[in-house]
Amino acid sequence: LVEGIGETVGLGKGGCDIYATIGLEKATVGRTRILQNEPVNPRWYETFHIYCAHMAADVIFSVKERNAIGASLIGKAYLPVQEILNGQEIERRLDLCNEQRDPVGGGARIRVKVQFFDISADRHWSRGIRSPNFPGVPYTFFSQRKGCKISLYQDAHVPDGFIPKISLANGRFYEPHRCWEDIFDAISNAKHLIYITGWSVYTEITLIRDSKRQKPGGDVTLGQLLKRKADEGVRVLMLVWDDRTSVGLLKKDGLMATHDEETMNYFKDSDVHCVLCPRNPDNGGSIVQDLQISTMFTHHQKIVVVDHAMPNRRSQRRRIVSFVGGIDLCDGRYDTQYHSLFRTLDTAHHDDFHQPNFAGGSIKKGGPREPWHDIHCRLEGPIGWDVLFNFEQRWRKQGGKDLLVELRDMSGTIIPPSPVTFPEDKETWNVQLFRSIDGGAAFGFPETPEDAAKAGLVSGKDNIIDRSIQDAYVNAIRRAKSFIYIENQYFLGSSFDWKKDDIKVGDIDALHLIPKELSLKIVSKIEAGERFAVYVVLPMWPEGVPESASVQAILDWQRRTMEMMYTDISQALHAKHIEADPRDYLTFFCLANRETKKSGEYAPEESPEPDTDYIRAQKARRFMIYVHSKMMIVDDEYIIIGSANINQRSMDGARDSEIAMGAYQPYHLATRGPSRGQIHGFRMALWYEHLGMLDDLFLRPENVECIRKVNRIADKYWDLYSSDTLDRDLPGHLLRYPVGVTNNGDVTQLPGMEFFPDTKACVLGAKSDYLPPILTT
């Protein structure tokens, strides 16, 4: 309720659009709907559940009037944080003030009710998942599902015999799964429906490429396979992001080479229904914001949903199986744990050469190709239906014709949502689906903030948002007991606490909490005298020409994020008089490969241009492995896998559309000792892939001996990678991220390492004066 506002600002003589925001210093953390034509005492009656990790003196309530371009401030009200820290619910009428904190006149006030909950008093804080009955992340659209089955995938393919023996509980050993083989089988055997969403889907790729694991029909392209299934009467629906940069002069490749128009044209006049979806805004933005959303943001979910045979094959009934994660069904994604640069150029990658980091990169000029590391998963049971429902919501919003299979009419054929494991099955999973999406991309979101709150959604300025991926990360970090292992394509955010030397923090707007939550978790453990370790694996740089302004800007944001975290950690160490390397608590890595030349290797017919990054990398026989994963493992008992990066685009909810799942095995919790279920096996398999070895120290990643050993190996591999000489293949792929960290938490360049090897690209990045932060955060 705002009182006296009409008299204060001279409203009431015509129409007005008023809304309010909630801020913690410079960070806007909540926003009401717009009230139209209520100039006298407008009432919102909206409730917000806000995760806080901010340094703030006041909670700031701003009342604004929307204009065609942007908004104008009516007044701000300040509630001192000190007044709410005791946890009591308080209700106040606060004066609306101008920028100088003087009351705006007319007696304008805002009425608010606030209650603060200290996370350290939460029963889940720092205690992991204590019970098989853990209910999942609260205040979300999808509730947690029991009785599910999950297959975890590292990379698109795993060759026979790659994974060593990794011991699990109950005398079992870890068995890897093969992503593109399983997707090929799932599509090939579908009888009723195949639903696909993607940032990019390319019809010319083949899913089966391992000469030792051939399958009947495995040589067909994805496009041919989908056309064949549609001809058989299977309903094939595809939602592919309509890259708005792929028109006009940039028609063929777009800014990001998504093949969207090629894919649509390929399926024209076929029974495959392929719809190009722009990232349409919801209806709450200004003209400027709407333009930003449709031209800057993407549909980023990577989903396949099919009907699938029952495991025993005797039954004619079918069940729903879904795939989600980081791997798009497009070119450049197929790879194995060997991540070869040159040795597959006449086999698996001859017709799928991907190297967008060099101008003019092509198979004709030879390697190095850009290897691809990614993570995906398969979901069976009730959770598979949640992924299906997400697709249905998106199709109803942007698919055009109503072509969805009416599953309610097929309950005799397709089994409704139900558990696929028995309660006593030691390998059962509890799983929850999370999203970043808004009403511009999903049909059927509630109209009112009250109904949105009940549905686990967030109300914005006349748009309804699902922001549950960020909530899932925050909850998992807060629960963590011992260690966190992250692989992600990006790592930037919590800009509200970046150093303010040469930026206006309020202009950056990369406000998601994940980096700050991680550093505060480490700080809390240092203060409690307990060990905690965070490992983060990133690409060397974001895909693209490394010297370009956009790549350099992202590296600059990344450096500021790292520095904020290391500053928190170093201050906590100093306060406890502990002499320690901050990298004993938080450590960053990248992946790369370096190969000696072998006889019989593919010989390119042309050569790269002289004095280019391309020719230098070719001569040095090295290149980064592109980390495209979006995964977090907590204490080997909980895992998040999806399409969402650790940046504002993915975590905002109203920017890129994303999907993820969070899961644990109720019989493999870290309650009495370390968890030794499938998540542990998966992490160990990833570490074997990256380090080229396993060690008993890796069983307890929180121990200082473990993190120091991993850091030592990664330091050594960086030295071998960046060396001027090459005597043998790189023994592993995990490299130290090439920055230094001082005892005060400053992030610096390593001696003699201003640029990434073979480039003129600054490791620490550079601020862009002309690219808007909304594009690069």
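**Overall fold, nonpolar cores and local features**

The chain contains 16 helices and 30 strands. Its radius of gyration is 26 Å, close to the 28 Å that the globule rule gives for 777 residues, so the chain is as compact as a globular protein of that length. The model is a predicted one. Along the principal axes, the C-alpha trace spans about 85 × 65 × 60 Å. Buried residues make up 61% of the 777 residues of the chain.

The largest nonpolar core comprises 154 residues, of which I484, M540, F588, I639 and M661 touch the most other members. Helix α11, residues 549-575, supplies the largest share of this core, with 12 residues. A second core of 37 residues is separate and includes W180, F267, V321 and C330.

The surroundings of I484 were examined with its neighbours within four places in sequence left aside. On this basis, I484 is in contact with I477 and L518, with F532, A533, V534 and Y535, and with M632, I633 and V634.

Helix α3 spans residues 222-231, and its buried residues are L222, G223, L225, L226, K229 and A230. These residues lie on the same side of α3, because they cover an arc of only 165 degrees around the axis. In general, an α-helix has 3.6 residues a turn, so residues three or four places apart point the same way. Just after α3, G233 adopts a positive phi of about 100 degrees.

A further residue considered is K401, which is located in the loop between α6 (382-398) and β17 (429-438). The relative accessible area of K401 is 61%, and the residue is therefore classed as exposed, the cut-off for that class being over 50%. Although K401 and H273 are 128 residues apart along the chain, their C-alpha atoms are separated by 9.6 Å.

Note on methods. Residues are numbered from 1 along each chain as its sequence is written. This is a predicted model: local features need pLDDT of at least 70, side-chain atom pairs count only at pLDDT 80 or more; totals for chains, interfaces and linings use all residues. Side-chain values use heavy atoms; hydrogens and water are left out. A nonpolar core is a set of buried Ala, Val, Leu, Ile, Met, Phe, Trp, Tyr and Cys residues joined through side-chain atoms within 4.5 Å. Buried means under 20% relative accessible area, exposed over 50%, partly exposed in between (1.4 Å probe, protein chains only). Helices (H or I, at least four residues) and strands (E, at least two) are DSSP runs, numbered from the N terminus. Contact means heavy atoms within 4.5 Å. The arc is that of the directions from the helix axis to the C-beta atoms. The radius of gyration is taken over C-alpha atoms; the globule rule is 2.2 Å times the number of residues to the power 0.38.
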